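Read it alongside the model.

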Amino acid sequence: MIKITKNWANLLKDEFQKPYFKELQAFLDKEYSTHTVYPAMENIFNALNAVKYEDVKVVIIGQDPYHEPGQAQGMAFSVPDGIEIPPSLVNIYKEIENDLGIKCEKSGNLMRWAKQGVLLLNTSLTVRRGQANSHRGHGWEIFTNEIIKLLSNRPDPMVFMLWGSNAQSFASEIGKQHLVLKAPHPSPLSAYRGFFGCKHFSKANTFLVAHGKTPIDWH
């Protein structure tokens, strides 16, 4: 059973009735019954369930969930406690430590960020085991684009961190009242092309403070 809080369900209720979403649901029913799919169905909307719409201060857009056992928990870049920290998150932690001069926790569970208003949103919310991007093009992109639009339309300013070309494709949807930060993806393949040294975390906090908001504790 897919769980979503009333806060986001009310905002997205029209999407759930559209033909593309009904096709997506049919696709997911088949995938979950015939393959191993991540995250567990009840965790698909964890990123939304962790942060109310009006409480979002920072949006970090990922690509799709981790596709190996035990990793995906429904929030971009995040893994449950006790799971080895994946390479992209290792690099995110390195940048935070260099940018802010703090030491990050040894856990890859980013719920501590979500509780402060960081929305960790993947573009595609599900994936087949061992097959990155396997659920691309089945409707998730339309759905997540609608979430980005809803957030962009909020007059209250927030920060969007767009890492890599996939995330940056959403830039045109984002209103001028928000801070848009772009950099290469933090994966080991591209982090050295400009993710390291981007200082997105200090820039985000400076923007939040300037708009009367509590900065994020990125540890």
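Glu15 counts as buried because its relative accessibility is 5%; buried means under 20% relative accessible area, exposed over 50%, and partly exposed in between, with a 1.4 Å probe and protein chains only. This is a predicted model: local features need pLDDT of at least 70, side-chain atom pairs count only at pLDDT 80 or more, and totals for chains, interfaces and linings use all residues. Residues are numbered from 1 along each chain as its sequence is written, and side-chain values use heavy atoms, with hydrogens and water left out.

Glu15 sits in helix H1 (residues 6-17). Helices (H or I, at least four residues) and strands (E, at least two) are DSSP runs, numbered from the N terminus. The side chain of Glu15 makes a polar contact of 2.7 Å with the side chain of Lys18. A polar contact is a pair of N or O atoms within 3.5 Å; within protein, one must be able to donate a hydrogen and the other to accept it, and residues adjacent in sequence count only if both atoms are side-chain atoms. Leaving aside neighbours within four places in sequence, Glu15 is in contact (heavy atoms within 4.5 Å) with Tyr20, Phe21, Phe143 and Glu146.

**Helix packing**

Two helix pairs are tabulated here. Axes are lines fitted to C-alpha atoms, for helices over the stretch in contact, and angles run from 0 to 180 degrees between N-to-C directions.

| Pair | Angle | Axis distance |
|---|---|---|
| H1 and H2 | about 80 degrees | 5 Å |
| H2 (residues 19-34) and H6 (residues 140-152) | about 125 degrees | 9 Å |

H1 and H2 are therefore roughly perpendicular to each other. H2 and H6 are therefore oblique. The cut-offs are under 35 degrees for roughly parallel, over 145 for roughly antiparallel, 65 to 115 for roughly perpendicular, and oblique for the rest.

Which residues of H1 meet H2? They are Glu15, Phe16 and Gln17, and they meet Pro19, Tyr20, Phe21 and Lys22. By class, this contact of H1 with H2 has 4 nonpolar, 1 polar and 2 charged residues. Ala, Val, Leu, Ile, Met, Phe, Trp, Tyr, Cys and Pro count as nonpolar, Asp, Glu, Lys and Arg as charged, and the others, Gly among them, as polar.

From H2, Tyr20, Phe21, Leu24 and Leu28 meet Trp140, Ile142 and Phe143 in H6. The contact of H2 with H6 has 7 nonpolar, no polar and no charged residues.

**Other buried positions**

Ser152 lies in helix H6. Ser152 is buried, at 5% relative accessibility. Not counting residues up to four places away in sequence, Ser152 touches Phe160, Glu173, Ile174, Gly175, Gln177 and His178.

Gly62 belongs to strand S2 (residues 58-62). Gly62 is buried, at 4% relative accessibility. Beyond four places in sequence, Gly62 touches Ala76, Phe77, Leu121, Asn122, Thr123 and Asn166. Gly62 and Leu179 are 117 residues apart in sequence and 17 Å apart in space, C-alpha to C-alpha.

Asp64 lies in the loop between S2 and helix H4 (87-100). Is Asp64 buried or exposed? Asp64 is buried, because its relative accessible area is 13%. A polar atom of the Asp64 side chain lies 2.5 Å from the backbone nitrogen of Asn133. Contacts of Asp64 beyond four places in sequence include Asn122, Ser124, Asn133 and Ser134. Asp64 and Ser134 are 70 residues apart in sequence and 9.0 Å apart in space, C-alpha to C-alpha.
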